[in-house]
Amino acid sequence: MPSPNPTPRSASGSAPGKLILAGEHAVVYGHRAIAAAVPLFAHVTLTEQPGPLCLDPLCLDPTRTTDDRLLTALGTLLPADGLCVSVRSELPVGAGMGSSAAIAVATVRAWGALHGESPGPDTCFERAWAMERVFHGNPSGVDHAVSARGGVLRYRRDPFEVSTLRLARPLRLVVVHTGPPAWTTAQMVAGVRDRAPWATLDRIGALAERVDHALSTGAAVGPLLSENHAMLQEIGVSTHALDEACISMCRAGASGAKLAGAGGGGIAFAVVEAGETAPVLDAARRFGPAWELTVAAA
Ligand code: PMV
């Protein structure tokens, strides 16, 4: 005889965030971007329960996951009834580290797990598009490609191309969160489109090819990242705090630094190719929460 109160079925999935090493904004217009998965994750748990799709109120840490579009976005991947969704994210929200993409891919994995499946990277990538469109309008797809595949990727939307970039040596990075951007990614992308800085976007695309070569051969990459930052300033997506954080981290010993993601606030990162990371971390902390990350060589 079935138990009167069967334990609800539940399943979980996780996925990493990302840092765009080169090529943000230009990737929206068909250029290649280089992006790395980072060891910070979004975790999603789905629990069967009667009633409309809902978010577990206990999971909603106000600094992290209370984006009012989240439930709408989850509704693109999940049925309208019968599930409670718990989201826990180690990633800062809306700051350029791909938190929405990580939640999308984690949700695809959790849904698969609930049905005894383990969706592969291509399936995760294809399914997560729908949720990313809610957050980003017309995303290039680079965020959730990295979240679904991990590692360091070369990514192009038009014509579509994705491949793993094998780092010749590990990348030691210091990341700083300079504060929440005043605009969403969709608004930042629309602002760039309105300003139409096509020549600079072409130069950002060409620079991403040089970053690819440097990372693949072990040549110095820092100065290229700083060049990329200057181009992002030109297209109007940097802020005073991002500029100052990059300058300070370079003065403290980083070989280069740039904002990452849509800009308008959020994160910047520096690469430390010689010497200690500690002074760079100290410099970064003057601008907000900061931490070290290593992207491993393949
Ligand atoms: O800030 P994020 O993590 O949403 O990254 C956006 C990257 C852009 O190139 C600006 C937009 C895109 O869709 O690629």
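Analyst: Contact here means heavy atoms within 4.5 Å. Helices (H or I, at least four residues) and strands (E, at least two) are DSSP runs, numbered from the N terminus. The model is predicted, so local features need pLDDT of at least 70 and side-chain atom pairs count only at pLDDT 80 or more, while totals for chains, interfaces and linings use all residues. Residues are numbered from 1 along each chain as its sequence is written, and side-chain values use heavy atoms, with hydrogens and water left out.

User: Which residues of α7 and α8 meet?

Analyst: Ser226, His229 and Gln233 in α7 meet Leu242, Asp243, Cys246 and Cys250 in α8. By class, this contact divides into 3 nonpolar, 3 polar and 1 charged. Ala, Val, Leu, Ile, Met, Phe, Trp, Tyr, Cys and Pro count as nonpolar, Asp, Glu, Lys and Arg as charged, and the others, Gly among them, as polar.

User: At what angle do α7 and α8 pack?

Analyst: The angle is about 165 degrees, and the axes of α7 and α8 are 11 Å apart. Axes are lines fitted to C-alpha atoms, for helices over the stretch in contact, and angles run from 0 to 180 degrees between N-to-C directions. α7 and α8 are therefore roughly antiparallel to each other. Angles under 35 degrees count as roughly parallel, over 145 as roughly antiparallel, 65 to 115 as roughly perpendicular and the rest as oblique.

User: Is the crossing of α7 and α8 left-handed or right-handed?

Analyst: The crossing of α7 and α8 is left-handed. A crossing is left-handed if the near helix is turned anticlockwise from the far one by less than a right angle, and right-handed if clockwise.

User: Back to histidine 229: buried or exposed?

Analyst: Histidine 229, which is in helix α7 (residues 222-234), counts as buried at 5% relative accessibility. Buried means under 20% relative accessible area, exposed over 50%, and partly exposed in between (1.4 Å probe, protein chains only). Not counting residues up to four places away in sequence, histidine 229 touches Ser238, Leu242, Asp243, Cys246, Ala257, Lys258 and Leu259.

User: What about leucine 207, and what does it touch?

Analyst: Leucine 207 lies in helix α6 (residues 198-217) and is buried, with a relative accessible area of 2%. Leaving aside neighbours within four places in sequence, leucine 207 is in contact with Leu224, Glu227, Asn228 and Met231. Leucine 207 and glycine 23 are 184 residues apart in sequence, yet 7.7 Å apart in space, C-alpha to C-alpha.

User: Now α2 and α3. At what angle do they cross?

Analyst: Helix α2 (residues 99-114) and helix α3 (residues 121-136) cross at roughly 140 degrees, and their axes come within 9 Å. α2 and α3 are therefore oblique to each other. The contact is made by residues including Ile103, Val108 and Arg109 of α2 and Met131, Glu132 and Phe135 of α3. By class, this contact has 9 nonpolar, 2 polar and 3 charged residues.

User: On to the sheets. In what order do the strands of the open sheet run?

Analyst: The 4 strands are ordered β8-β9-β7-β10, with antiparallel pairing. Two strands pair if DSSP finds at least two bridges between them. β8 (256-259) and β10 (290-295) stand at the edges, each with a single partner strand, so one side of each is left without a neighbour in the sheet. The twist averages 25 degrees from one strand to the next.

User: How many bridges join β7 to β10?

Analyst: Strand β7 (residues 171-177) is joined to β10 by 6 bridges. In one of these, valine 174 has glutamate 292 in β10 as its bridge partner.

User: Which strands does α8 touch?

Analyst: Helix α8 (residues 240-251) touches β7, β8 and β9 (267-271), and its direction makes about 165 degrees with that of β8. Helix α9 (residues 278-285) lies across β7, β9 and β10, at about 135 degrees to β10.

User: Lastly, why is β5 described as largely enclosed?

Analyst: Strand β5 (residues 152-156) is largely enclosed by the rest of the structure because 4 of its 5 residues are buried. β5 pairs with strand β2 (residues 33-52) in the antiparallel sense over 4 bridges, and 4 bridges join β5 to the antiparallel strand β6 (residues 161-164). β5 and β6 form a hairpin with 4 residues between them.
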